[in-house]
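Here is a briefing on one protein chain and its surroundings. Please read it alongside the model.

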Amino acid sequence: MTTTLTSDDAVRFGPGDVDPGAGYGYPGELAATLIAENALQEKIRALAAAVAADHDSEQPPLLVCVLKGAVMFVTDFARAMPIPCELEFMAVSSYGSATSSSGVVRILKDLDRDITGRRVVIVEDIIDSGLTLSWLLKNLASRGPAAIDVVALLRKPEAVKVEVEVRYIGFDIPTDFVVGYGLDFAERYRDLPFVGLLGEHMYR
Ligand SMILES: O=P(O)(O)OC[C@H]1O[C@H](OP(=O)(O)OP(=O)(O)O)[C@H](O)[C@@H]1O
Ligand SMILES: Nc1nc2[nH]cnc2c(=O)[nH]1
């Protein structure tokens, strides 16, 4: 289910090449496409089928979307699920406007309801250091759910500082800072429909 990508899978472009960020108002800001829109959507359908196969419609999963990064993922994921699911949102932040985790997770918005006895599926865009997810798992586990699983679109295996048990992972990717499809740099680029690499001149 997990596709492993290396730096060689990044489609880099230079002067004279088509710049995929240009059509979205970001000309000259990206260095490469890492995961194209169709590859993302195909993977999301596979992840939704795998999660649905482990649940039954009698006890619909409660998807907990981790804002803001997972917002694009959860909307496509929920619509690809062949069984009913319910949605909740939680906003946490450990990055602020930086490109590495501060390690301090803050709740910016909590869940709106009790999750006691529910089968929770945390929907995350990316596991980088693993600090956010490990904190979130402990926090939600203390609220008495029947089960907690995690579906993450992206993971950076070489950056992980805290090992976390994750059942469903879309892509293992290199450690480069990625943007697009919900992932930002200083709130920009979330609106891109693909995952790309930011040009180094944009943040160094
Ligand atoms: O594994 P980690 O190193 O903890 O990184 C992963 C977290 O970082 C991002 O959130 P961020 O704090 O940037 O907030 P955002 O989703 O609102 O952009 C991302 O959405 C994950 O939640
Ligand atoms: N935009 C973005 N946010 C992150 N949060 C943790 N890792 C990343 C990353 O590579 N890109």
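A residue counts as buried if 20 or more other C-beta atoms lie within 10 Å of its own, as exposed if 12 or fewer do, and as partly exposed in between; C-beta atoms are placed from the backbone. Helices (H or I, at least four residues) and strands (E, at least two) are DSSP runs, numbered from the N terminus. By these terms, Thr132, Leu133 and Leu136 are buried in helix 3 (residues 131-141). The model is predicted: local features need pLDDT of at least 70, side-chain atom pairs count only at pLDDT 80 or more, and totals for chains, interfaces and linings use all residues. Residues are numbered from 1 along each chain as its sequence is written, and chains are lettered from A and ligands numbered from 1 in the order in which they are written.

**Overall build**

- The protein chain has 3 helices and 11 strands.
- From the N terminus on, the order of elements is β-β-β-α-β-α-β-β-β-α-β-β-β-β.
- The radius of gyration of the protein chain is 17 Å, which agrees with the value near 17 Å for a compact globule of 204 residues. This radius is taken over C-alpha atoms, and the globule rule is 2.2 Å times the number of residues to the power 0.38.
- The C-alpha trace spans about 55 × 35 × 30 Å along its principal axes.
- Buried residues make up 34% of the 204 in the protein chain.
- Two residues are in contact if their C-beta atoms, placed from the backbone, lie within 7 Å. Of the contacts with a separation of 6 or more, 66% link residues 24 or more positions apart.

**Helix 3**

- Which residues of helix 3 are buried? They are Thr132, Leu133 and Leu136.
- Seen down the axis of helix 3, the buried residues fall within an arc of 85°, so they line one face of the helix. The arc is that of the directions from the helix axis to the C-beta atoms.
- An α-helix has 3.6 residues a turn, so residues three or four places apart point the same way.
- Lys138 and Ala141 are exposed, on the face of helix 3 turned away from its buried side.
- The buried residues of helix 3 pack against strand 4 (62-67), strand 5 (86-93), strand 7 (119-127) and strand 8 (147-155).

- Two strands pair if DSSP finds at least two bridges between them.
- This open sheet of 7 strands has the order 1-9-8-7-4-5-6, with mixed pairing.
- Strand 1 (3-4) and strand 6 (106-109) stand at the edges with a single partner strand each, so one side of each has no neighbour in the sheet.
- Strand 1 runs parallel to strand 9 (residues 168-172), joined by 2 bridges. Thr3 stands opposite Phe171 in strand 9.

- Strand 3 (residues 30-35) and strand 11 (residues 195-198) run antiparallel and are joined by 4 bridges. Ala32 stands opposite Leu197 in strand 11.
- Strand 2 also pairs with strand 3 in the antiparallel sense, over 2 bridges. Val11 stands opposite Thr33 in strand 3.
- Strand 3 is largely enclosed by the rest of the structure, because 5 of its 6 residues are buried.

**Ligand 2**

- A residue is near a molecule if its C-beta atom, placed from the backbone, lies within 6 Å of it.
- In total, 9 residues surround ligand 2; the closest are Ile126, Asp128, Phe177, Val178 and Leu183.
- The shell around ligand 2 has 7 nonpolar, no polar and 2 charged residues. Here Ala, Val, Leu, Ile, Met, Phe, Trp, Tyr, Cys and Pro count as nonpolar, Asp, Glu, Lys and Arg as charged, and the others, Gly among them, as polar.

**Backbone details**

- A cis peptide bond joins Leu67 and Lys68, with omega about -5°. Lys68 is in the loop between strand 4 and helix 2 (71-80).
- Ala186 is not a glycine, yet has a positive phi of about 50°. Ala186 lies in the loop between strand 10 and strand 11.
- Tyr189 is not a glycine either, and has a positive phi of about 80°. Tyr189 is placed in the loop between strand 10 and strand 11.
- Is Ala186 buried or exposed? Ala186 is exposed, because 12 other C-beta atoms lie within 10 Å.
- Tyr189 counts as buried, with 23 C-beta neighbours inside 10 Å.
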